[in-house]
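User: I am new to this structure and would like to understand the terms used for it. Could you take me through them with care?

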Amino acid sequence: MKKIIAVVISISLILLVGCNNTNNDNSNLNDKILSKNYNQIEDSAKGSTVNFYGWGGNEVFNKWFDNYVIPNMKNKYNIEVKRVGMDIDTIMNKLISENQVQNTNGSVDVFWVNGENFKVAKDNGLLFGPFLDKIENYNNYVDKESKSITTDFGTSVDNMESPWGKASFTILENSSKVPLNITDTKTLKDAIISNPGKFTYPAPPDFTGSAFVRNVIYDTVGYEKIKNLPEDKEKVREIIKPAIDYLNEIKPYLWNEGKTYPSTIAQLDNMYSDNEIYFTMTYAPNEVEGKIESGEFDKSTKFINFEKGNISNTHFLTIPKNASNKEGAIVLINYLTSIDAQASKSNPKNWGDMTVLDMEKLPTEDKSKFKNSVKIEKEVPEINANLVPIIEQIWIEEVANSNE
């Protein structure tokens with residue numbers, strides 16, 4: 001028995017030493033990559049293959065990526081890019097599983113991440129970096145002081161992910177039907193009361209409907225009061241009460257008197273297209289021009305920008321700690337942050353995703369490439385991602401289920 005135990009202990013020690021050596025080797029390789037400048041990284045990546053993982057449910061994005069990004073990466077850098085459509089939860093499970101078995105030759109090189117999962121990946125040591133100083137286009141053309149760039153749903157980025165697109169919430173109105181100048185929740189309320197039955201919003205947790213509720217909170221309570229709220233439902237309920245009161249005050253004047261709400265933003269857009277309501281809303285303002293040109297939206301459609309700001313967030317790309325091709329990943333991310341790639345994806349005819357580039361930093365001759373890109377005047381960042389479902393639950397309890 002003692003002999004068997006001794007053998008088991010010996011094997012365990014060998015495995016432990018082997019794992020430690022593997023971890024040390026991987027750490028040394030990462031340090032070696034991060035010690036290079038961008039040109040050296042690009043040279044090393046030539047002839048390699050990069051696996052890009054991201055949500056595959058947006059066919060407009062898929063078409064743009066397959067027909068624009070993949071061929072350009074091959075022509076410009078001799079790098080093959082494989083796009084793998086996969087939801088973020090499945091991607092995270094893959095990374096966690098690979099980490100648990102200490103797989104240092106992972107299948108994911110770059111992935112499109114959201115704020116909540118970035119925090120999980122960062123906190124659990126699943127990410128490579130900090131690598132952002134290697135992204136030349138980020139250093140040259142992005143406003144690195146912007147809160148929407150330095151934080152991701154309340155989590156500090158710390159150079160562990162790279163911005164590559166923006167979303168900004170805004171309300172849209174048919175200005176021919178609503179001549180009032182709307183600049184905040186007070187003037188919006190005046191317009192709603194003046195046009196009973198012509199305003200509504202998707203019921204949270206619909207993504208855009210939830211953003212509308214948060215934007216009301218920002219305007220009535222103030223971002224500064226809620227950005228650091230503890231994840232305590234009753235404390236949140238107390239602080240956002242003015243916004244909940246507001247939502248209940250406009251409720252009788254909503255479509256169907258607020259007894260029901262559209263379940264999705266697509267349903268809201270259809271109601272707006274049919275002139276059943278005079279307002280809709282979006283998280284993708286660059287797509288609006290195309291909807292106007294196609295006749296889906298009235299040509300009198302215009303944006304409503306709140307004076308205190310509209311909620312905006314940035315979507316990011318990051319690199320797993322165990323990525324097989326980190327150098328190729330850096331080159332791909334740098335290309336996706338380039339002027340030409342950003343201009344292409346911001347064009348409503350291609351994808352319509354808002355650019356992360358700062359127009360003030362661009363060469364004069366390149367600014368015209370973004371002439372079709374919408375710019376929201378005042379942006380306010382998203383709150384802690386963990387507060388979002390708490391707010392949505394309070395809305396259900398206090399507004400949707402209110403019998404008043």
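Analyst: Ring pairs join Phe52, Phe61, Trp64, Phe65, Tyr68, Tyr77, Trp112, Trp164, Tyr335 and Trp351 into a cluster, where rings of Phe, Tyr and Trp (its six-membered ring) pair if their centres lie within 6.5 Å, and planes under 30 degrees apart count as stacked, over 60 as edge-to-face and the rest as tilted. This is a predicted model, in which local features need pLDDT of at least 70 and side-chain atom pairs count only at pLDDT 80 or more, while totals for chains, interfaces and linings use all residues. Residues are numbered from 1 along each chain as its sequence is written, and side-chain values use heavy atoms, with hydrogens and water left out.

User: What makes the charged end of lysine 345 sit over the ring of tryptophan 164?

Analyst: A charge sits over a ring if NZ of Lys or CZ of Arg is within 6 Å of the ring centre and within 35 degrees of the ring normal. The charged end of lysine 345 lies 5.8 Å from the centre of the tryptophan 164 ring and is counted as sitting over it.

User: How many aromatic pairs are there by the ring rule, and why is the pair of phenylalanine 169 and tyrosine 283 called edge-to-face?

Analyst: The count comes to 27 aromatic pairs. For phenylalanine 169 and tyrosine 283 the ring centres are 6.3 Å apart and the planes stand at 75 degrees, so the pair is edge-to-face. Phenylalanine 169 is in the loop between β6 (162-168) and β7 (170-174) and tyrosine 283 in the loop between β8 (279-282) and α14 (288-293), so the pair ties together parts 114 residues apart in sequence; helices (H or I, at least four residues) and strands (E, at least two) are DSSP runs, numbered from the N terminus.

User: Why is the pair of phenylalanine 199 and phenylalanine 212 called tilted?

Analyst: Their ring centres are 5.6 Å apart and their planes are at 50 degrees, so this pair is tilted. Phenylalanine 199 lies in the loop between α8 and α9, and phenylalanine 212 in helix α9.

User: How do you know whether phenylalanine 199 is buried or exposed?

Analyst: Buried means under 20% relative accessible area, exposed over 50%, and partly exposed in between (1.4 Å probe, protein chains only). Phenylalanine 199 has a relative accessible area of 0% and is therefore buried, and phenylalanine 212, at 1%, also counts as buried.
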